[in-house]
Amino acid sequence: MDGIIYLDNAATSFPKPDDVHEKMGSFYRTCGVNPGRSGCDMALQAEEMVSGTRKSLTRFFNASLVQKGISKDFNRLVFTSNATHSLNIILKGTIHPGDHVVTTWLEHNSVIRPVNHLVKLGAEATFVKPDADGYVDPEEIRKAIKRNTKLVIVNHGSNVIGVVQDIKAIGAVCKAAGVPFAVDTAQTAGVIPIDMAESNISFLAFTGHKSLFGPTGTGGICVADDATIEATMWGGTGVKSAYPYHLEEYPYRLEAGTSNILGIAGLSAGHEWISKRGVENIYRHEMELMSLLEDGLREIRGVKVYAAPNKSLRVPTLSATVNGFDPSDVGTMLDVDYNVLTRTGLQCAPLIHEHIGTAPHGTIRFSIGPFNTKEHVETAIRAMGEIAAQRN
Ligand SMILES: Cc1ncc(COP(=O)(O)O)c(C=O)c1O
(Lines give C-alpha, C1' and ligand atoms only; values in the text may rest on other atoms or scores of the structure.)
Protein backbone atom coordinates (compact mmCIF):
# COMPACT_ATOMS: atom_id res chain seq x y z
CA MET A 1 0.00 0.00 0.00
CA ASP A 2 2.86 2.35 0.88
CA GLY A 3 3.53 4.90 -1.80
CA ILE A 4 0.37 4.19 -3.78
CA ILE A 5 -1.56 7.29 -4.78
CA TYR A 6 -5.11 6.18 -5.46
CA LEU A 7 -6.95 8.72 -7.60
CA ASP A 8 -9.67 6.40 -8.90
CA ASN A 9 -12.32 6.91 -6.24
CA ALA A 10 -15.05 7.34 -8.88
CA ALA A 11 -14.59 3.65 -9.75
CA THR A 12 -14.74 2.58 -6.12
CA SER A 13 -13.53 4.29 -2.97
CA PHE A 14 -10.24 2.99 -1.62
CA PRO A 15 -9.17 2.37 1.04
CA LYS A 16 -12.32 1.72 3.04
CA PRO A 17 -12.38 3.08 6.61
CA ASP A 18 -11.15 0.64 9.28
CA ASP A 19 -14.63 0.74 10.86
CA VAL A 20 -16.01 -0.96 7.72
CA HIS A 21 -13.54 -3.84 7.88
CA GLU A 22 -14.05 -4.24 11.61
CA LYS A 23 -17.85 -4.26 11.46
CA MET A 24 -17.93 -6.73 8.58
CA GLY A 25 -15.58 -9.13 10.38
CA SER A 26 -17.28 -8.96 13.76
CA PHE A 27 -20.83 -9.00 12.44
CA TYR A 28 -20.30 -11.93 10.13
CA ARG A 29 -18.50 -13.93 12.79
CA THR A 30 -21.31 -13.53 15.29
CA CYS A 31 -24.48 -13.11 13.16
CA GLY A 32 -23.69 -14.50 9.72
CA VAL A 33 -27.00 -16.32 9.30
CA ASN A 34 -30.01 -15.90 7.04
CA PRO A 35 -31.96 -12.81 8.20
CA GLY A 36 -35.72 -13.17 8.41
CA ARG A 37 -35.59 -16.91 7.73
CA SER A 38 -35.89 -18.22 11.28
CA GLY A 39 -36.81 -17.03 14.74
CA CYS A 40 -33.45 -17.67 16.42
CA ASP A 41 -31.66 -14.78 18.13
CA MET A 42 -28.90 -14.60 15.56
CA ALA A 43 -31.38 -14.38 12.67
CA LEU A 44 -33.31 -11.68 14.51
CA GLN A 45 -30.13 -9.69 15.11
CA ALA A 46 -29.18 -10.03 11.45
CA GLU A 47 -32.66 -8.84 10.44
CA GLU A 48 -32.37 -5.91 12.88
CA MET A 49 -29.09 -4.83 11.31
CA VAL A 50 -30.59 -5.00 7.80
CA SER A 51 -33.73 -3.06 8.72
CA GLY A 52 -31.69 -0.55 10.78
CA THR A 53 -29.61 0.14 7.65
CA ARG A 54 -32.79 0.54 5.58
CA LYS A 55 -34.00 3.09 8.13
CA SER A 56 -30.80 5.15 8.29
CA LEU A 57 -30.38 5.26 4.50
CA THR A 58 -34.07 6.15 4.04
CA ARG A 59 -33.58 9.07 6.45
CA PHE A 60 -30.35 10.04 4.67
CA PHE A 61 -32.13 10.40 1.31
CA ASN A 62 -35.24 12.05 2.78
CA ALA A 63 -33.89 14.71 5.15
CA SER A 64 -36.73 17.17 4.49
CA LEU A 65 -39.38 14.59 5.52
CA VAL A 66 -37.38 13.81 8.67
CA GLN A 67 -37.19 17.53 9.51
CA LYS A 68 -40.94 17.89 9.06
CA GLY A 69 -41.56 14.78 11.19
CA ILE A 70 -43.20 12.96 8.25
CA SER A 71 -42.47 9.24 8.34
CA LYS A 72 -41.39 7.46 5.18
CA ASP A 73 -41.85 3.72 4.71
CA PHE A 74 -38.28 2.47 5.17
CA ASN A 75 -39.12 -0.91 3.63
CA ARG A 76 -39.19 0.94 0.32
CA LEU A 77 -35.43 1.09 0.52
CA VAL A 78 -34.34 -2.15 -1.11
CA PHE A 79 -30.85 -3.57 -1.35
CA THR A 80 -29.26 -4.59 -4.64
CA SER A 81 -25.75 -5.61 -5.74
CA ASN A 82 -24.70 -2.23 -7.18
CA ALA A 83 -26.03 0.80 -9.07
CA THR A 84 -26.18 -1.20 -12.32
CA HIS A 85 -28.50 -3.72 -10.70
CA SER A 86 -30.67 -0.90 -9.29
CA LEU A 87 -30.92 0.90 -12.64
CA ASN A 88 -31.86 -2.34 -14.42
CA ILE A 89 -34.61 -3.02 -11.86
CA ILE A 90 -35.97 0.53 -12.29
CA LEU A 91 -35.93 0.49 -16.10
CA LYS A 92 -37.30 -3.04 -16.52
CA GLY A 93 -39.96 -2.47 -13.87
CA THR A 94 -41.34 0.70 -15.48
CA ILE A 95 -40.79 0.50 -19.27
CA HIS A 96 -42.71 -1.85 -21.61
CA PRO A 97 -42.94 -2.11 -25.41
CA GLY A 98 -44.64 1.04 -26.70
CA ASP A 99 -43.51 3.14 -23.70
CA HIS A 100 -41.10 6.06 -24.01
CA VAL A 101 -38.17 6.86 -21.72
CA VAL A 102 -36.24 10.15 -21.55
CA THR A 103 -32.60 10.10 -20.55
CA THR A 104 -29.38 12.04 -21.28
CA TRP A 105 -26.00 11.96 -22.99
CA LEU A 106 -24.32 11.99 -19.57
CA GLU A 107 -25.40 8.47 -18.71
CA HIS A 108 -23.21 5.54 -17.75
CA ASN A 109 -23.61 2.29 -19.71
CA SER A 110 -25.66 1.02 -16.78
CA VAL A 111 -28.46 3.22 -18.17
CA ILE A 112 -27.50 3.46 -21.87
CA ARG A 113 -27.34 -0.29 -22.42
CA PRO A 114 -30.58 -1.30 -20.62
CA VAL A 115 -32.37 1.55 -22.44
CA ASN A 116 -31.02 0.34 -25.81
CA HIS A 117 -32.13 -3.22 -25.01
CA LEU A 118 -35.60 -1.97 -24.10
CA VAL A 119 -35.72 -0.10 -27.43
CA LYS A 120 -34.88 -3.39 -29.19
CA LEU A 121 -37.89 -4.90 -27.39
CA GLY A 122 -40.22 -2.16 -28.72
CA ALA A 123 -39.81 0.81 -26.35
CA GLU A 124 -38.83 4.32 -27.50
CA ALA A 125 -36.08 6.49 -26.03
CA THR A 126 -34.92 10.09 -26.27
CA PHE A 127 -31.35 10.96 -25.23
CA VAL A 128 -31.26 14.68 -24.32
CA LYS A 129 -27.98 16.48 -25.09
CA PRO A 130 -26.37 18.73 -22.48
CA ASP A 131 -24.87 22.15 -23.26
CA ALA A 132 -21.16 22.54 -24.02
CA ASP A 133 -20.30 22.42 -20.29
CA GLY A 134 -22.32 19.25 -19.69
CA TYR A 135 -25.41 20.77 -18.06
CA VAL A 136 -28.81 19.41 -19.09
CA ASP A 137 -31.40 22.15 -19.52
CA PRO A 138 -34.59 21.06 -17.67
CA GLU A 139 -36.54 22.74 -20.47
CA GLU A 140 -35.03 20.21 -22.93
CA ILE A 141 -36.30 17.40 -20.68
CA ARG A 142 -39.75 19.00 -20.73
CA LYS A 143 -39.69 19.18 -24.53
CA ALA A 144 -38.65 15.51 -24.78
CA ILE A 145 -41.58 14.24 -22.66
CA LYS A 146 -44.41 12.74 -24.76
CA ARG A 147 -47.84 11.23 -24.14
CA ASN A 148 -46.33 7.72 -23.72
CA THR A 149 -43.33 8.78 -21.57
CA LYS A 150 -43.22 6.47 -18.53
CA LEU A 151 -39.90 7.51 -17.01
CA VAL A 152 -37.26 10.24 -17.00
CA ILE A 153 -33.91 8.85 -15.83
CA VAL A 154 -30.97 11.17 -15.28
CA ASN A 155 -27.36 10.93 -14.18
CA HIS A 156 -26.87 13.16 -11.13
CA GLY A 157 -23.06 13.46 -11.14
CA SER A 158 -20.92 12.71 -14.19
CA ASN A 159 -18.21 10.08 -13.73
CA VAL A 160 -16.24 11.73 -16.56
CA ILE A 161 -16.35 15.52 -16.09
CA GLY A 162 -17.87 15.79 -12.62
CA VAL A 163 -20.82 17.96 -13.68
CA VAL A 164 -23.81 17.78 -11.29
CA GLN A 165 -27.28 18.21 -12.76
CA ASP A 166 -29.98 20.41 -11.29
CA ILE A 167 -32.23 17.51 -10.25
CA LYS A 168 -34.55 19.82 -8.35
CA ALA A 169 -35.43 21.66 -11.56
CA ILE A 170 -35.67 18.43 -13.60
CA GLY A 171 -37.82 16.87 -10.84
CA ALA A 172 -40.17 19.86 -11.00
CA VAL A 173 -40.55 19.36 -14.77
CA CYS A 174 -41.37 15.66 -14.22
CA LYS A 175 -43.87 16.49 -11.49
CA ALA A 176 -45.66 19.00 -13.72
CA ALA A 177 -45.82 16.40 -16.52
CA GLY A 178 -46.87 13.58 -14.16
CA VAL A 179 -43.91 11.40 -15.19
CA PRO A 180 -41.90 9.35 -12.65
CA PHE A 181 -38.35 10.60 -12.17
CA ALA A 182 -35.36 8.28 -11.56
CA VAL A 183 -31.90 9.52 -10.57
CA ASP A 184 -28.59 7.68 -10.87
CA THR A 185 -26.73 8.84 -7.76
CA ALA A 186 -23.73 6.50 -8.20
CA GLN A 187 -21.33 9.48 -8.09
CA THR A 188 -23.24 11.70 -5.66
CA ALA A 189 -24.71 9.58 -2.84
CA GLY A 190 -22.55 10.41 0.16
CA VAL A 191 -20.90 13.35 -1.66
CA ILE A 192 -23.61 15.99 -1.94
CA PRO A 193 -26.93 16.06 -0.10
CA ILE A 194 -29.85 14.57 -2.06
CA ASP A 195 -33.42 14.97 -0.96
CA MET A 196 -35.99 12.77 -2.67
CA ALA A 197 -39.02 14.85 -1.72
CA GLU A 198 -37.45 18.21 -2.62
CA SER A 199 -36.36 16.90 -6.02
CA ASN A 200 -39.55 14.91 -6.62
CA ILE A 201 -37.52 11.71 -7.10
CA SER A 202 -39.61 8.57 -7.62
CA PHE A 203 -36.67 6.13 -7.78
CA LEU A 204 -33.22 6.89 -6.37
CA ALA A 205 -30.57 4.37 -7.49
CA PHE A 206 -27.44 4.31 -5.33
CA THR A 207 -24.28 2.29 -5.11
CA GLY A 208 -22.77 1.27 -1.79
CA HIS A 209 -19.10 0.95 -2.70
CA LYS A 210 -18.22 4.49 -3.75
CA SER A 211 -18.89 7.46 -1.46
CA LEU A 212 -21.05 5.54 1.03
CA PHE A 213 -17.88 3.52 1.76
CA GLY A 214 -19.50 0.09 1.82
CA PRO A 215 -17.86 -2.90 0.16
CA THR A 216 -18.26 -3.82 -3.50
CA GLY A 217 -21.45 -5.79 -4.23
CA THR A 218 -23.72 -3.35 -2.38
CA GLY A 219 -26.26 -0.83 -3.62
CA GLY A 220 -29.96 -0.13 -3.56
CA ILE A 221 -33.04 1.77 -4.61
CA CYS A 222 -35.12 4.12 -2.53
CA VAL A 223 -38.68 4.14 -3.91
CA ALA A 224 -40.94 7.12 -3.15
CA ASP A 225 -44.16 6.24 -1.30
CA ASP A 226 -46.31 7.27 -4.28
CA ALA A 227 -44.19 5.59 -7.00
CA THR A 228 -45.14 2.30 -8.64
CA ILE A 229 -42.83 -0.29 -10.13
CA GLU A 230 -43.31 -3.91 -11.15
CA ALA A 231 -41.20 -6.73 -9.75
CA THR A 232 -38.94 -8.29 -12.38
CA MET A 233 -37.35 -10.91 -10.13
CA TRP A 234 -39.41 -13.56 -8.37
CA GLY A 235 -38.47 -16.05 -5.68
CA GLY A 236 -38.14 -16.80 -1.99
CA THR A 237 -38.76 -14.09 0.59
CA GLY A 238 -38.66 -16.07 3.84
CA VAL A 239 -42.28 -15.08 4.65
CA LYS A 240 -45.72 -16.23 3.37
CA SER A 241 -44.11 -19.26 1.76
CA ALA A 242 -47.43 -20.86 0.81
CA TYR A 243 -48.35 -17.93 -1.47
CA PRO A 244 -47.72 -19.06 -5.07
CA TYR A 245 -46.53 -15.73 -6.48
CA HIS A 246 -43.93 -13.15 -5.58
CA LEU A 247 -45.03 -10.79 -2.79
CA GLU A 248 -46.14 -7.29 -3.75
CA GLU A 249 -45.22 -5.63 -0.47
CA TYR A 250 -41.86 -3.95 0.11
CA PRO A 251 -39.03 -4.74 0.54
CA TYR A 252 -39.85 -8.18 -0.91
CA ARG A 253 -41.36 -6.69 -4.07
CA LEU A 254 -37.87 -5.79 -5.34
CA GLU A 255 -35.75 -8.23 -3.32
CA ALA A 256 -35.65 -12.03 -3.59
CA GLY A 257 -33.33 -14.64 -2.15
CA THR A 258 -30.80 -14.40 0.65
CA SER A 259 -29.51 -10.86 1.07
CA ASN A 260 -25.86 -9.80 1.23
CA ILE A 261 -25.73 -9.23 4.99
CA LEU A 262 -21.93 -9.10 5.04
CA GLY A 263 -22.08 -6.27 2.49
CA ILE A 264 -24.99 -4.51 4.20
CA ALA A 265 -23.10 -4.60 7.53
CA GLY A 266 -20.14 -2.93 5.78
CA LEU A 267 -22.43 -0.42 4.09
CA SER A 268 -24.01 0.51 7.42
CA ALA A 269 -20.53 1.09 8.89
CA GLY A 270 -19.51 3.15 5.85
CA HIS A 271 -22.63 5.26 6.15
CA GLU A 272 -22.04 5.78 9.88
CA TRP A 273 -18.45 6.78 9.12
CA ILE A 274 -19.44 9.54 6.66
CA SER A 275 -22.19 10.70 9.01
CA LYS A 276 -19.69 11.06 11.87
CA ARG A 277 -17.17 12.90 9.69
CA GLY A 278 -19.86 15.03 8.08
CA VAL A 279 -20.62 14.75 4.37
CA GLU A 280 -19.94 18.50 3.94
CA ASN A 281 -16.50 18.21 5.60
CA ILE A 282 -15.49 15.31 3.35
CA TYR A 283 -16.78 17.19 0.31
CA ARG A 284 -14.91 20.39 1.26
CA HIS A 285 -11.63 18.46 1.62
CA GLU A 286 -12.12 16.65 -1.69
CA MET A 287 -13.05 19.82 -3.60
CA GLU A 288 -10.05 21.73 -2.22
CA LEU A 289 -7.78 19.01 -3.60
CA MET A 290 -9.77 18.94 -6.83
CA SER A 291 -9.25 22.67 -7.34
CA LEU A 292 -5.55 22.29 -6.67
CA LEU A 293 -5.36 19.47 -9.20
CA GLU A 294 -7.39 21.33 -11.80
CA ASP A 295 -5.36 24.54 -11.47
CA GLY A 296 -2.10 22.58 -11.64
CA LEU A 297 -3.10 20.57 -14.70
CA ARG A 298 -4.40 23.65 -16.52
CA GLU A 299 -0.94 25.25 -16.27
CA ILE A 300 0.81 22.36 -18.04
CA ARG A 301 1.53 22.89 -21.74
CA GLY A 302 -0.08 20.15 -23.80
CA VAL A 303 -2.56 19.07 -21.11
CA LYS A 304 -6.26 19.71 -21.70
CA VAL A 305 -8.68 19.52 -18.79
CA TYR A 306 -12.35 18.54 -19.12
CA ALA A 307 -14.31 19.54 -16.03
CA ALA A 308 -17.53 21.21 -15.02
CA PRO A 309 -16.87 24.98 -14.94
CA ASN A 310 -18.92 25.79 -11.86
CA LYS A 311 -16.88 24.61 -8.91
CA SER A 312 -19.84 24.71 -6.56
CA LEU A 313 -21.88 22.30 -8.69
CA ARG A 314 -19.62 19.34 -9.25
CA VAL A 315 -18.23 16.13 -7.82
CA PRO A 316 -14.46 15.72 -7.25
CA THR A 317 -13.79 14.11 -10.63
CA LEU A 318 -12.18 15.51 -13.77
CA SER A 319 -10.77 14.28 -17.04
CA ALA A 320 -7.63 15.26 -18.93
CA THR A 321 -5.74 14.45 -22.12
CA VAL A 322 -2.09 14.96 -23.02
CA ASN A 323 -1.15 16.11 -26.54
CA GLY A 324 0.52 13.37 -28.56
CA PHE A 325 -0.40 10.54 -26.15
CA ASP A 326 -3.08 7.89 -26.02
CA PRO A 327 -4.76 8.30 -22.59
CA SER A 328 -4.23 4.63 -21.79
CA ASP A 329 -0.44 5.06 -22.26
CA VAL A 330 -0.48 8.05 -19.92
CA GLY A 331 -2.41 5.94 -17.38
CA THR A 332 0.23 3.22 -17.59
CA MET A 333 3.08 5.74 -17.13
CA LEU A 334 1.32 7.33 -14.16
CA ASP A 335 0.91 3.91 -12.59
CA VAL A 336 4.31 2.34 -13.38
CA ASP A 337 6.55 5.40 -13.04
CA TYR A 338 4.74 7.40 -10.35
CA ASN A 339 2.43 4.97 -8.48
CA VAL A 340 -0.52 7.22 -9.39
CA LEU A 341 -3.66 5.18 -10.10
CA THR A 342 -6.26 6.70 -12.43
CA ARG A 343 -8.87 5.38 -14.86
CA THR A 344 -8.40 5.85 -18.60
CA GLY A 345 -10.54 5.38 -21.72
CA LEU A 346 -14.27 5.98 -22.00
CA GLN A 347 -15.09 5.13 -18.35
CA CYS A 348 -18.31 3.30 -19.44
CA ALA A 349 -19.86 6.61 -20.54
CA PRO A 350 -19.28 6.78 -24.32
CA LEU A 351 -21.88 9.45 -25.19
CA ILE A 352 -20.42 12.20 -23.02
CA HIS A 353 -17.01 11.52 -24.56
CA GLU A 354 -18.56 11.94 -28.00
CA HIS A 355 -20.09 15.21 -26.78
CA ILE A 356 -16.82 16.66 -25.41
CA GLY A 357 -14.80 15.41 -28.39
CA THR A 358 -12.68 12.80 -26.59
CA ALA A 359 -14.08 9.64 -28.24
CA PRO A 360 -12.88 7.05 -29.13
CA HIS A 361 -9.75 7.09 -26.95
CA GLY A 362 -11.28 8.86 -23.97
CA THR A 363 -9.38 10.59 -21.21
CA ILE A 364 -7.32 10.10 -18.09
CA ARG A 365 -9.76 10.45 -15.19
CA PHE A 366 -8.68 11.70 -11.75
CA SER A 367 -11.11 11.30 -8.85
CA ILE A 368 -10.41 12.34 -5.29
CA GLY A 369 -11.39 10.62 -2.04
CA PRO A 370 -11.23 11.53 1.65
CA PHE A 371 -7.90 9.79 2.19
CA ASN A 372 -6.10 11.77 -0.51
CA THR A 373 -3.69 14.51 0.50
CA LYS A 374 -2.14 17.65 -0.97
CA GLU A 375 1.05 15.65 -1.56
CA HIS A 376 -0.86 13.09 -3.64
CA VAL A 377 -2.21 15.82 -5.86
CA GLU A 378 1.17 17.54 -6.17
CA THR A 379 2.75 14.25 -7.27
CA ALA A 380 0.01 13.74 -9.87
CA ILE A 381 0.55 17.26 -11.25
CA ARG A 382 4.33 16.78 -11.38
CA ALA A 383 3.90 13.40 -13.09
CA MET A 384 1.53 14.83 -15.71
CA GLY A 385 3.95 17.73 -16.28
CA GLU A 386 6.90 15.37 -16.86
CA ILE A 387 4.87 13.11 -19.19
CA ALA A 388 3.58 16.09 -21.21
CA ALA A 389 7.09 17.56 -21.49
CA GLN A 390 8.18 14.46 -23.47
CA ARG A 391 6.01 15.51 -26.44
CA ASN A 392 5.18 19.21 -26.01
C1 LIG B 1 -22.63 7.45 -13.07
C2 LIG B 1 -22.53 5.98 -12.79
N3 LIG B 1 -23.63 5.22 -12.84
C4 LIG B 1 -23.60 3.92 -12.59
C5 LIG B 1 -22.42 3.30 -12.27
C6 LIG B 1 -22.43 1.83 -11.99
O7 LIG B 1 -22.13 1.61 -10.65
P8 LIG B 1 -21.91 0.12 -10.09
O9 LIG B 1 -20.51 -0.23 -10.44
O10 LIG B 1 -22.12 0.25 -8.63
O11 LIG B 1 -22.88 -0.75 -10.77
C12 LIG B 1 -21.23 4.04 -12.19
C13 LIG B 1 -19.96 3.38 -11.87
O14 LIG B 1 -18.90 3.88 -12.09
C15 LIG B 1 -21.30 5.41 -12.46
O16 LIG B 1 -20.21 6.17 -12.40
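Phe61 and Phe206 are both buried (buried, under 20% relative accessible area; exposed, over 50%; partly exposed, in between; 1.4 Å probe, protein chains only). The model is predicted, with local features requiring pLDDT of at least 70 and side-chain atom pairs counted only at pLDDT 80 or more, while totals for chains, interfaces and linings use all residues. Residues are numbered from 1 along each chain as its sequence is written, and side-chain values use heavy atoms, without hydrogens and water.

Six aromatic pairs were counted. Rings of Phe, Tyr and Trp (its six-membered ring) pair if their centres lie within 6.5 Å; planes under 30 degrees apart are stacked, over 60 edge-to-face, and the rest tilted. The ring centres of Phe61 and Phe206 lie 5.3 Å apart, and the planes meet at 40 degrees, so this pair is tilted. Phe61 lies in the loop between helix H2 (41–60) and helix H3 (63–68), whereas Phe206 belongs to strand S7 (residues 203–207); the pair therefore ties together parts 145 residues apart in sequence. Helices (H or I, at least four residues) and strands (E, at least two) are DSSP runs, numbered from the N terminus.

The criterion is NZ of Lys or CZ of Arg within 6 Å of the ring centre and within 35 degrees of the ring normal. The charged end of Lys129 sits over the ring of Trp105, 4.5 Å from its centre. Arg391 lies over the face of Phe325, at 4.1 Å from the ring centre.

Side chains of opposite charge can pair when their charged atoms come close. The structure holds 14 salt bridges (a side-chain nitrogen of Lys or Arg within 4 Å of a carboxyl oxygen of Asp or Glu). One of them links Lys143 to Glu140, with the closest N and O atoms 3.0 Å apart. These two residues are three apart in helix H6 (residues 138–144), so about one helical turn separates them. Lys143 is exposed, at 53% relative accessible area. Glu140 is partly exposed, at 31%.

Lys240 and Glu249 meet in another salt bridge, at 2.8 Å from N to O. Lys240 is exposed, with a value of 52%, and Glu249 is partly exposed, at 32%.

Glu378 pairs with Lys374 in a salt bridge, the closest N and O atoms being 3.7 Å apart. Both lie in helix H12 (residues 374–389), four residues apart, about one turn of the helix. Glu378 is partly exposed, at 39%. Lys374 is also partly exposed, at 46%. Elsewhere, salt bridges with shared partners join Lys72, Arg76 and Asp225 into one network.
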